[in-house]
Amino acid sequence: MKDLRRVRIAELLKDPTPYIGKEVDVKGWVRSRRGNKYVQFVALNDGSTINNLQIVFDLQKFSDEQLKPITTGSSIHVQGQLVESQGKGQSVEIQAENLEIYGTANPDEYPLQKKGHSLEFLREIAHLRPRTNTFGAVFRVRAALAYAIHKFFTEKGFYYFHTPLITASDCEGAGAMFQVTTLPLNDLPKNEDGTIDYSEDFFGRQSCLTVSGQLEGELGATSLGAIYTFGPTFRAENSNTPRHLSEFWMIEPEIAFADIRENMDIAEEFIKYCINYALENCKDDILFLQEHFDKGLVERLKFVVENDFVRLPYSEGIKILEESGKKFEFPVYWGVDLASEHERYLVEEHFKRPVILTDYPKEIKAFYMKLNEDGKTVRAMDVLFPKIGEIIGGSEREENYDKLLKRVEEQGLDGMDWYLDTRKFGTVPHSGFGLGFERLVLFVTGMQNIRDVIPFPRYPKNCEY
Ligand code: ATP
Ligand code: MN
């Protein structure tokens with residue numbers, strides 16, 4: 001092989017002009033090989049784009065024996081001249097001159113031979129599925145969205161604030177948390193009353209994986225002004241739905257001096273920015289996903305970007321649901337925690353656009369949400385999306401020390417002094433929300449199951465790879 005600098009296929013295809021007629025160097029995995037006894041065509045993919053590069057092997061230059069290892073999934077290094085393509089389906093191709101085989105992929109063993117494997121089957125070989133067109137597209141979109149999120153908040157003056165993954169707060173009572181321990185599970189140290197003696201545990205107290213970075217995020221917001229977190233979150237809830245994971249990523253902005261209206265404005269602007277970023281920067285991948293999985297994808301994404309979200313109090317939402325005449329699986333009444341079918345009715349059938357539902361009954365929302373004057377509802381705001389249901393949950397926070405203390409005591413929460421201190425010393429009105437990253441990726445890619453938008457999904461009874 002000659003000493004040349006490798007070009008990524010994405011760069012070559014984006015603007016081939018400067019490369020045409022020149023010798024180029026590419027590396028990648030073989031997607032397919034076909035041809036006749038004079039010439040062989042190889043579709044090469046290096047992961048940088050959904051598009052393959054065609055490599056042409058002239059059989060006067062290369063023997064059958066040399067090309068034999070080139071099967072689907074094998075990895076190769078090719079040098080040759082980039083020329084305008086004669087055939088249909090691609091604008092340019094490489095006339096191979098030098099070939100190096102990195103690794104073979106025995107066709108009798110390599111599972112990704114033909115196209116059209118089911119998503120369920122691919123989930124069982126999650127270690128190989130990123131090599132398919134579909135998962136390549138999904139994970140490139142996922143990466144672009146992560147970048148868009150950092151870009152949006154950084155440009156708006158928010159600081160990326162790192163909250164802990166291991167936490168001792170709200171461990172008690174929260175059935176949905178994973179415990180972190182180094183205690184010997186088959187020989188637990190006990191107190192005299194028979195309970196577990198956590199003083200012998202690693203941290204000297206019971207500790208868990210976090211379900212949200214919000215409480216610590218509020219410490220950041222009430223000092224840096226505006227922060228966002230973006231990290232993994234863990235929930236040990238036994239919900240086998242296409243919208244829940246046991247390990248998922250969450251973005252949690254928290255903004256000092258913002259009321260619920262400003263919170264809604266930021267949430268709406270933020271989510272539109274991300275979707276628009278993907279539309280502009282992931283065109284090929286989104287068009288591929290549209291063609292194969294969801295014919296209405298681009299139209300739906302554009303619609304969300306271009307239209308105002310409805311803003312509606314919970315009580316009015318309940319009225320609409322009650323008057324809809326629709327038979328729901330779960331009953332509707334004031335005070336109920338809305339099920340996904342209710343949320344989707346409002347969004348998909350009634351308003352036909354995203355809805356921000358506000359002012360929920362305090363009983364079904366968290367203790368830190370600001371109580372309204374009616375004494376019955378809190379300043380919560382959930383953003384509901386077509387096909388997804390809840391994508392964002394947020395609120396204006398209770399900033400009054402006495403009221404917050406009362407709610408903490410009502411809920412029987414211990415060890416919250418550090419949190420209450422934000423209200424004790426220089427308290428300010430503030431708001432924030434949490435966006436489930438995978439639900440956003442689900443929406444933007446048009447996939448149906450949240451397990452297909454994270455490389456290594458964690459869900460009940462599944463922790464492979
Ligand atoms: P849901 O009612 O859908 O379970 P939630 O009320 O538990 O959601 P929050 O606690 O408000 O959700 O979390 C904020 C956001 O995190 C949600 O709006 C959603 O986008 C996302 N989310 C919550 N639970 C999960 C999960 N198990 N897997 C993936 N995303 C989740
Ligand atoms: Mn939940």
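Trainee: What makes the largest nonpolar core of this predicted model stand out, and which residues have the most contacts inside it?

Mentor: The largest nonpolar core has 69 residues. Phe385, Leu440 and Val444 are those with the most contacts inside it. Helix H4, residues 133-155, gives the most to this core, with 12 residues.

Trainee: Which residues does Val444 touch, leaving out those up to four places away in sequence?

Mentor: Val444 touches Val141, Leu145, Ile275, Ala278, Ile286, Leu297 and Leu301.

Trainee: Let's look at Ile286. How do you know whether Ile286 is buried or exposed?

Mentor: Set the value against the cut-off. Ile286 has a relative accessible area of 2%, and buried means under 20%, so Ile286 counts as buried. Ile286 is placed in helix H7, residues 283-293. Beyond its neighbours within four places in sequence, Ile286 is in contact with Val141, Ala278, Leu279, Leu297, Val298, Leu301 and Val444.

Trainee: Which other residues of H7 are buried, and what do they pack against?

Mentor: Besides Ile286, the buried residues in H7 are Asp285, Phe288, Leu289 and Gln290. The buried residues of H7 pack against H4, helix H6 (260-281), helix H8 (297-306) and H13.

Trainee: Which residues meet where H4 and H6 pack, and how do they divide?

Mentor: From H4 come Ala144, Leu145, Tyr147, Ala148, Ile149, Lys151, Phe152, Phe153 and Glu155. They meet Ile266, Glu269, Phe270, Tyr273, Cys274, Tyr277 and Ala278 in H6. The residues of this contact divide into 13 nonpolar, no polar and three charged.

Trainee: Now for another pair. What makes H11 and H12 roughly antiparallel?

Mentor: Helix H11 (residues 401-410) and helix H12 (residues 417-424) pack at an angle of about 160 degrees, with their axes 9 Å apart. Angles over 145 degrees count as roughly antiparallel, so that is the name for H11 and H12. H11 passes H12 in a right-handed crossing. The contact is made by Tyr401, Leu404, Leu405 and Val408 of H11 and Tyr419, Leu420, Arg423 and Lys424 of H12. These residues divide into six nonpolar, no polar and two charged.

Trainee: Why is Lys387 called partly exposed?

Mentor: Its relative accessibility is 31%. Buried is under 20% and exposed is over 50%, so Lys387, in between, counts as partly exposed. Lys387 lies in the loop between strand S14 (377-385) and strand S15 (389-396). Lys387 also has a positive phi of about 70 degrees, although it is not a glycine.

Trainee: And Lys461: how do you know whether it is buried or exposed?

Mentor: Lys461 has a relative accessible area of 88%, and the cut-off for exposed is over 50%, so Lys461 is exposed. Lys461 is found in the segment after helix H13 (437-445). Phi of Lys461 is near 65 degrees, a positive value in a residue other than glycine.

Note on methods
Residues are numbered from 1 along each chain as its sequence is written. Chains are lettered from A and ligands numbered from 1 in the order in which they are written. This is a predicted model: local features need pLDDT of at least 70, side-chain atom pairs count only at pLDDT 80 or more; totals for chains, interfaces and linings use all residues. Side-chain values use heavy atoms; hydrogens and water are left out. A nonpolar core is a set of buried Ala, Val, Leu, Ile, Met, Phe, Trp, Tyr and Cys residues joined through side-chain atoms within 4.5 Å. Buried means under 20% relative accessible area, exposed over 50%, partly exposed in between (1.4 Å probe, protein chains only). Helices (H or I, at least four residues) and strands (E, at least two) are DSSP runs, numbered from the N terminus. Contact means heavy atoms within 4.5 Å. Axes are lines fitted to C-alpha atoms, for helices over the stretch in contact, and angles run from 0 to 180 degrees between N-to-C directions. Angles under 35 degrees count as roughly parallel, over 145 as roughly antiparallel, 65 to 115 as roughly perpendicular and the rest as oblique. A crossing is left-handed if the near helix is turned anticlockwise from the far one by less than a right angle, and right-handed if clockwise. Ala, Val, Leu, Ile, Met, Phe, Trp, Tyr, Cys and Pro count as nonpolar, Asp, Glu, Lys and Arg as charged, and the others, Gly among them, as polar.
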